[in-house]
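Hello,

Here is the structure for you to take over.

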Amino acid sequence: MTVTPLGIPRRLLEFTLDGDSARVPEGATILDACRAAGKDVPTLCEGDTLRPKNACRVCVVEVEGARTLVPACSRRAEPGMVVRTDTERARHSRRIVLELLASSVDLSTTPRVAEWIKEYEAKPDRFGPDAARLNDSPKVDNDLYVRDYAKCILCYKCVDACGDQWQNSFAISVTGRGFDARIAVEHDAPLTDSACVYCGNCIEVCPTGALSPRSEFDRRAAGTWDESAQTRTTTVCAYCGVGCGLTLHVQDNEIVKVTSPHDNPVTHGNLCIKGRFGYQHVQNRG
């Protein structure tokens with residue numbers, strides 16, 4: 001008989017969420033409570049495999065007694081707390097953030113942003129044609145993945161994934177200040193001359209498509225990338241005995257991308273270079 005460990009039970013705490021009583025486990029965030037209640041609070045920098053960075057500020061909510069709006073992704077729920085997620089103040093803040101982001105970077109490959117811009121009536125064009133904008137050209141310096149920093153919102157998720165939260169390679173960090181801040185490797189060298197080990201875990205957590213597999217980038221450039229036509233099959237990586245879970249994204253009978261399920265107890269969404277990029281031999285029909 002298989003015995004499933006239950007772990008240490010967590011005490012439930014109760015607070016008020018948009019006028020209704022909400023009960024969540026101790027340690028849960030306001031965003032966790034919102035999702036459990038079916039409330040759609042937008043977020044870009046939050047990820048289920050990393051510690052909250054609260055960098056994008058799109059998920060801000062109003063907490064009674066707090067002087068400022070608080071990020072729902074990192075603020076933990078407290079007993080008796082009174083939270084309002086859809087006040088005019090919160091909506092105004094989200095609208096401004098979306099306008100600033102959309103006016104300065106390319107969000108065309110960011111999931112749901114167009115929907116949120118419409119919902120919050122954001123008008124990125126109101127800053128005019130002279131608004132400062134990132135127009136960096138994509139960095140295509142290797143065969144595995146592309147860095148298109150014109151789409152980067154500086155959420156730092158890639159830095160965390162490459163650093164002490166997962167890979168511990170510390171190949172990338174932030175350089176520059178203010179509007180000139182960029183994600184870069186040491187001395188802004190080509191990726192091939194850096195400490196990068198090409199695990200691609202930075203790609204996995206990127207919310208905007210600023211980092212993407214070369215296969216996806218090339219297909220998008222050719223106009224042949226079509227997620228609606230792709231199937232996903234989860235399997236186990238055969239390169240070693242660790243047992244990492246792989247999800248194969250297949251289009252036109254070819255593997256176009258490999259990811260890993262975030263709820264996999266072995267990988268938690270992370271892979272090595274072989275698991276993420278070493279699939280070409282499967283479809284070599286020569």
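This is a predicted model: local features need pLDDT of at least 70, side-chain atom pairs count only at pLDDT 80 or more; totals for chains, interfaces and linings use all residues.

**The hairpin, the sheet and a ring pair**

Strand β1 covers residues 12–17 and strand β2 covers residues 20–25. The two run antiparallel and are joined by six bridges. Two residues sit between the strands of this hairpin. Look at Asp 18 there: its phi is positive, near 55°.

Now the sheet. It is open and has five strands, in the order β2-β1-β5-β3-β4. The pairing is mixed. Strands β2 and β4 (70–71) are at the edges. Each has a single partner strand, so one side of each has no neighbour in the sheet.

Further along that order, β3 (residues 60–63) pairs with β5 (residues 82–84). The sense is antiparallel, with two bridges. Val 63 has Val 83 of β5 as its bridge partner.

Last, the aromatics. How many aromatic pairs does the rule give? The count is one. The pair is Tyr 145 with Tyr 198, with ring centres 6.3 Å apart and planes at 65°. Angles over 60 degrees count as edge-to-face, so this pair is edge-to-face. Tyr 145 lies in strand β6 (residues 145–147). Tyr 198 lies in the loop between β8 (182–185) and α5 (201–205). The pair therefore ties together parts that are 53 residues apart in sequence. Both Tyr 145 and Tyr 198 are buried.

Over to you.

Best wishes

Key: Residues are numbered from 1 along each chain as its sequence is written. Side-chain values use heavy atoms; hydrogens and water are left out. Rings of Phe, Tyr and Trp (its six-membered ring) pair if their centres lie within 6.5 Å; planes under 30 degrees apart count as stacked, over 60 as edge-to-face and the rest as tilted. Helices (H or I, at least four residues) and strands (E, at least two) are DSSP runs, numbered from the N terminus. Buried means under 20% relative accessible area, exposed over 50%, partly exposed in between (1.4 Å probe, protein chains only). Two strands pair if DSSP finds at least two bridges between them.
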